[in-house]
Amino acid sequence: MKIRSPIVSVLGHVDHGKTTLLDYVRGSTVADREAGGITQHIGATEIPIDTINKICGNFIARLSIKDTIPGLFFIDTPGHAAFTSLRKRGGALADLAILIVDINEGFKPQTYEAINILKMYKTPFIVVANKIDRIFGWEVHEGASFMESFKQQAPVVQTELDLKVYDLVGKLHEEGFQSERFDRVNDFSSQISIIPICAKSGEGIVELIAMLLGLAQEYLTEQLEIHEDAPAKGTVLEVKEETGLGVTVDSIIYDGVIRDGDEIALMDTNNLVKTKIRSILRPLPLEEMRDSKKKFKKVDEVVAAAGIKITAPNLDDVVSGSPLRVLSDEEDAEAELLKELEDITVDTDDEGLF
Ligand code: GDP
């Protein structure tokens, strides 16, 4: 048994800062690339535990987190169609979610929609109260932890922030959740942490990352156990035409192993599609991408968690949100799998949610 990194997605109302937050998380670790910083996947970014330890070491120590998971695996594209179409399915793509709310605007329609999805899939989540720099009088401290920056604010600014946090606590209460500012939470299994952040300056990001790690290690390790030799399970994020490659699918593999030449099953709008993998692609490191026109490198196999691009015949009508399964040789297993896939209705009518 191997433990994989938890898959984390960012949800929230449009313009509340999903893209800016993901950019910051990626950017703050890119500097560390040479020290084994980040691993770029197709559609996702993985931050290994060593890097996380370097960025938020003392918070991790304070939360007495043991590093049993290899890192955090962030889905790059927020509000992806895959999440919308997954609504009608029996499972969620993410193990953990960040619900982002503009602290000055509060809850908006898509915030409620996101909460409903998190409830439906019972996905553990953290609320981040973004754009604290817009609170009147807030003094920005680039890259500081929230607590450090908060201590240096004028008392009236501190009070204003807490009033806004309590607005969120009230809204979450109406939705059936107990919550508190993260440093006042005494039971993480029953209370949701609210972390005030500024996605632009990075204030509060160390606490956010440490908290995600803590939650994953406390509550998710069983779910994160993968079967390294089992046929892979994944979800299609996107179906894309690529020059020279034809129609490809970008997918996140969350269990098992997938190999070049494997037979896979996916869904188009109504039917099962069976095909054979022609190639599995990963992104080339950025430095190499600059020197050549190539964006991808071919690999023979990958083990979960991974974000990959697959080329194969018959992918034209596959839909984002579709499950992806490697078919094993045993006939029984295949029959069972086909039944499972046929029961899934992929919902393609919805407009984007996040
Ligand atoms: P998304 O639609 O949720 O992905 O939101 P974006 O990340 O695109 O952010 C929407 C706008 O808010 C952009 O103009 C961002 O620059 C801005 N923004 C995001 N986070 C912050 C923040 O912490 N502070 C401030 N002042 N602006 C922010």
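Helices and strands here are DSSP runs, at least four residues long for a helix and at least two for a strand, numbered from the N terminus. Keep that in mind as you select Ala304, which is found in the loop between strand E18 (301-303) and strand E19 (306-311). One thing to know before going on: this is a predicted model.

**Stop 1**

Is Ala304 buried or exposed? Ala304 has a relative accessible area of 2%, and buried means under 20%, so Ala304 counts as buried. Ala304 and Ser5 are separated by 299 residues in sequence, yet their C-alpha atoms are 8.6 Å apart in space. Next, show what Ala304 touches. Leaving aside neighbours within four places in sequence, Ala304 is in contact with Lys2, Arg4, Ile226, Ile253, Tyr254, Asp255 and Gly256.

**Stop 1: the whole chain**

Zoom out and colour the model by secondary structure. The protein chain has nine helices and 20 strands. Of its 354 residues, 56% are buried. How much of the contacts with a separation of 6 or more comes from residues 24 or more positions apart? In the protein chain, that share is 72%.

**Stop 2: the ligand**

Now look at some individual atom pairs:

- At Asp15, look at the backbone: one of its polar atoms is 2.8 Å from an oxygen atom of the ligand.
- At Asn130, look at the side chain: a polar atom there lies 3.1 Å from an oxygen atom of the ligand.
- At Asp133, look at the side chain again: an N or O atom there is 2.8 Å from a nitrogen atom of the ligand.

The ligand on its own has 580 Å² of accessible area, and the protein covers 78% of it.

**Stop 3: salt bridges**

The count of salt bridges in this model comes to 14. Let us visit a few.

Begin with Glu160 and Lys164. They form a salt bridge whose closest N and O atoms are 3.7 Å apart. Both residues lie in helix H6 (residues 155-174), four residues apart, which is about one turn of the helix. Lys164, at 17%, is buried.

Stay in the area and pick Asp162 together with Arg181. Their side chains meet in a salt bridge, 3.1 Å from N to O. This pair links distant parts of the chain: Asp162 sits in helix H6 and Arg181 in strand E8 (residues 178-181), 19 residues apart. Both Asp162 and Arg181 are buried.

Now jump to Asp260 and Lys298. Here the closest N and O atoms of the salt bridge are 3.3 Å apart. Asp260 lies in the loop between strand E13 (257-259) and strand E14 (263-267), while Lys298 is in strand E17 (residues 296-299), so the pair ties together parts that are 38 residues apart in sequence. Asp260 counts as partly exposed at 31% relative accessibility, and Lys298 is exposed at 52%.

To finish this stop, select Lys240, Glu242, Asp250, Lys295 and Lys309 together. Salt bridges that share partners join these residues into one network.

**Stop 4: Thr45**

Thr45 has a relative accessible area of 2%, so Thr45 is buried. What joins the side chains of Thr45 and Gln40? They are joined by a polar contact of 3.5 Å. Show the other contacts of Thr45 too: setting aside neighbours within four places in sequence, its partners include Arg26, Ile38, Thr39, Leu72, Phe73, Phe74 and Asp76.

Definitions and conventions:
Residues are numbered from 1 along each chain as its sequence is written. This is a predicted model: local features need pLDDT of at least 70, side-chain atom pairs count only at pLDDT 80 or more; totals for chains, interfaces and linings use all residues. Side-chain values use heavy atoms; hydrogens and water are left out. A polar contact is a pair of N or O atoms within 3.5 Å; within protein, one must be able to donate a hydrogen and the other to accept it, and residues adjacent in sequence count only if both atoms are side-chain atoms. Accessible areas come from the Shrake-Rupley method with a 1.4 Å probe; for residues, only the protein chains shown count as cover. A salt bridge is a side-chain nitrogen of Lys or Arg within 4 Å of a carboxyl oxygen of Asp or Glu. Buried means under 20% relative accessible area, exposed over 50%, partly exposed in between (1.4 Å probe, protein chains only). Contact means heavy atoms within 4.5 Å.
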